[in-house]
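Here is a short note on the aromatic rings in this model. Please read it with the structure open.

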Amino acid sequence: MRTNYILIDFENIQPKNLSVLKGHNFKVMVFVGAKQSKIPFELVVAMQDLGDSAEYIKIDGNGPNALDFHIAFYIGNIACQNKNCYFHIISKDTGFDPLIRHLQTKKILVHREKDIMGIP
């Protein structure tokens, strides 16, 4: 069975509809910037409802694209360990697109969506 990973660029997108993922085969990773000190209560509750299928990843560093590089690292790390997975990057940041095209040439299934509702 294929594992679907949703990697959320929380600096760029603050999803309001995580509850639609409950009961589906998704692993949700919310990447939070080093300077972000507040997360909306609704997101916290939705993440808790997903149980072990959800995690926050707070990055340590600051700077342009610091969070984006963390997302890229996690995709590479997971893809090396599990060849049967699909990645959904949730971000409006088009800077991910060259990486996505490259990963697709390597047969890594990955797409970027602006919203969780855009996931097929």
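1. Phe 31 is buried, at 0% relative accessible area. Buried means under 20%, exposed over 50% and partly exposed in between, with a 1.4 Å probe and protein chains only. The model is predicted: local features need pLDDT of at least 70, side-chain atom pairs count only at pLDDT 80 or more, and totals for chains, interfaces and linings use all residues. Residues are numbered from 1 along each chain as its sequence is written, and side-chain values use heavy atoms, leaving out hydrogens and water.

2. Three aromatic pairs are present in the structure. Rings of Phe, Tyr and Trp (its six-membered ring) pair if their centres lie within 6.5 Å; planes under 30 degrees apart count as stacked, over 60 as edge-to-face, the rest as tilted.

3. Tyr 5 pairs with Phe 87, and the rings are stacked: 5.5 Å centre to centre, with 25° between the planes. This pair links distant parts of the chain, 82 residues apart: Tyr 5 sits in strand 1 (residues 3-9), Phe 87 in strand 4 (residues 85-90). Tyr 5 is buried at 13% relative accessible area. Phe 87 is buried too, at 0%.

4. Phe 31 and Tyr 74 pair edge-to-face, at 5.3 Å centre to centre and 75° between the planes. Phe 31 is in strand 2 (residues 26-32) and Tyr 74 in helix 2 (residues 66-81), so the pair ties together parts 43 residues apart in sequence. Helices (H or I, at least four residues) and strands (E, at least two) are DSSP runs, numbered from the N terminus. Tyr 74 is partly exposed, at 24%.
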